[in-house]
Amino acid sequence: MSRASLFPIQDIPTPDLWDDEGVTNPDAPPLVLVVDDSAMQRAMLMKSLSKWGYDVLEAESAMDGLAICREHDITMVISDWMMPGMNGPEFCHAFRQLERESYGYFILLTSKAESREVAEGLNSGADDFLTKPFVFGELKARLRAGERIVAMHSQLVQKNRVLNNALTTIQSLYDNVERDLSEARRLQESLVPETEVEFGRGRAALMLKPSGHVGGDLVGQFRVSDTMVGLFSLDVSGHGVASALMTARLAGYLCGQSPTQNIALVDQGHGVFVARNPAETVKLLNQTLLREMETDHYFTMALAMVDLKTGRMNCVQAGHPHPMILRADGQIEELGGGGMPIGLLPDARYDSFNAKLRPNDKLILYSDGVTEAENPQGEPLDEAGLIGMLQRTPGRDGAEILNDVLVDLEVFCGTSEFSDDVSGLIFEYDG
């Protein structure tokens with residue numbers, strides 16, 4: 001093995017056909033390996049390649065050529081077809097088996113012009129071939145084309161490397177976000193710390209199932225006094241983190257653990273609180289949202305204040321699905337007249353209404369994720385479908401009913417992954 005600079009090329013005549021125009025990259029010339037058992041043929045090729053600006057190595061056999069390829073990052077190979085031992089196509093096949101970081105362009109020189117032999121050479125992995133005797137200008141053009149292919153391959157490898165690095169970074173970021181969202185879901189679930197709450201003369205069952213990691217639904221309860229309880233269901237528009245953050249803030253306004261912060265209660269002093277009219281509570285929430293929260297989100301809500309002694313309820317419906325009463329005899333009554341969502345209009349009007357629970361009646365609050373859930377044909381469950389589910393569960397308590405509705409909803413949708421948050425609250429009144 002020797003570099004062209006060590007070969008006595010100055011004594012070899014240069015044919016007129018040789019083109020000595022310029023070099024491709026003087027700072028980093030491509031490294032070309034010439035493999036031929038003819039010393040004269042190698043010398044002529046190396047002379048021309050050096051004039052064209054290439055670094056050149058030579059080998060007199062395919063085996064020597066493979067040894068050189070294992071030690072050097074060869075850009076292009078020019079190999080004779082007919083050589084003792086391993087021939088050109090066999091050499092090319094072995095060259096393609098080497099572990100290389102870059103692509104190597106392979107040109108076969110042959111006196112064979114039949115299509116069968118040409119196909120054999122290309123099938124061995126060769127990129128191009130020249131039929132002897134060849135014009136050196138054509139060889140130069142083939143080499144320039146090879147350089148372009150090698151350069152494009154190098155750029156593709158580099159772009160793939162950048163892409164893989166970017167994907168690795170994105171995956172790392174995604175994993176971090178996934179961990180954060182999982183933690184956020186646990187925190188959101190803590191907003192409903194108890195799924196069953198006993199009030200002495202009644203009990204509440206609560207269910208919350210976000211459609212993603214976090215959602216905008218919330219159901220809850222708070223004690224007003226020994227004889228009164230507040231029950232609510234709300235649904236923030238949209239999905240994801242922004243909706244969940246707004247839901248968490250709203251939970252603070254309806255917190256049962258901090259009655260002084262609960263917007264639904266009025267402090268009478270000396271630790272005594274009374275229930276605010278539900279319509280007034282919703283009006284205050286509407287003003288607070290428009291005044292203090294810089295957001296495009298709004299929310300719907302159903303809020304009921306229940307007198308545990310009498311079963312009387314004072315309620316408000318603000319764009320939320322109609323509250324329902326499942327009577328002890330299985331009949332269902334829908335309550336409310338609709339109302340405006342909260343956070344859209346500063347002068348929105350909200351009206352409360354009254355209803356009465358009798359012994360063993362159940363008050364049902366739920367989000368539109370239940371009634372707007374669709375089957376595989378795109379048909380929504382709607383309120384009639386929910387009523388049908390509720391009437392199929394006679395004699396069951398609130399927690400069992402919510403579980404049955406969730407199972408029925410999964411069957412109806414054909415999946416347990418709903419497109420919207422699903423939540424519900426059932427208050428069973430003993431009287």
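The legends below describe close-up views of a predicted model.

Local features need pLDDT of at least 70 and side-chain atom pairs count only at pLDDT 80 or more, while totals for chains, interfaces and linings use all residues. Residues are numbered from 1 along each chain as its sequence is written, and side-chain values use heavy atoms, with hydrogens and water left out.

View 1. Five strands, in the order β8-β9-β12-β13-β16, form an open sheet with antiparallel pairing. Helices (H or I, at least four residues) and strands (E, at least two) are DSSP runs, numbered from the N terminus; two strands pair if DSSP finds at least two bridges between them. β8 and β16 (352-356) are the edge strands, each pairing on one side only. From one strand to the next the twist averages 20°. Antiparallel β9 and β12 are joined by nine bridges, and Ser-233 has Ala-302 in β12 as its bridge partner. α6 packs on the sheet and touches β8, β9 and β12, its direction making about 165° with that of β9. α7 also packs on the sheet, touching β12, β13 and β16, and its direction makes about 150° with that of β12. Axes are lines fitted to C-alpha atoms, for helices over the stretch in contact, and angles run from 0 to 180 degrees between N-to-C directions.

**View 2. The largest nonpolar core and residues of β8.** The core has 29 residues, and those with the most contacts inside it are Phe-222, Leu-234, Leu-250, Phe-299, Met-301 and Ile-342. At least two core residues come from each of β8, β9 (228-236), α6 (241-253), α7 (278-292), β12 (299-307) and β13 (312-318). A nonpolar core is a set of buried Ala, Val, Leu, Ile, Met, Phe, Trp, Tyr and Cys residues joined through side-chain atoms within 4.5 Å. Beyond its neighbours within four places in sequence, Phe-222 has contacts (heavy atoms within 4.5 Å) that include Phe-232, Leu-254, Asn-262 and Leu-303. Val-224 lies in β8 (217-225) and is buried, with a relative accessible area of 10%. Buried means under 20% relative accessible area, exposed over 50%, partly exposed in between (1.4 Å probe, protein chains only).

View 3. On a 1 Å grid over the protein atoms alone, a cavity is a set of points where a 1.4 Å probe fits but cannot get out, and lining residues have an atom within 4 Å of a point. Of the 13 lining residues, Tyr-366, Leu-386, Leu-402, Val-405 and Gly-424 are the closest to the centre. β18 gives the most to the lining, with four residues.

View 4. The peptide bond from Lys-132 to Pro-133 is cis, with omega near -10°, and Pro-133 sits in the loop between β5 (128-131) and α5. His-270, a residue other than glycine, has a positive phi near 60°; His-270 is in the loop between β10 (265-269) and β11 (272-275) and is exposed, at 85% relative accessible area. Asp-382, in helix α9, also has a positive phi, of about 60°, and counts as partly exposed at 36% relative accessibility.

Definitions and conventions:
On a 1 Å grid over the protein atoms alone, a cavity is a set of points where a 1.4 Å probe fits but cannot get out, and a pocket is an open set with protein on both sides within 12 Å along at least five of seven lines; lining residues have an atom within 4 Å of a point.
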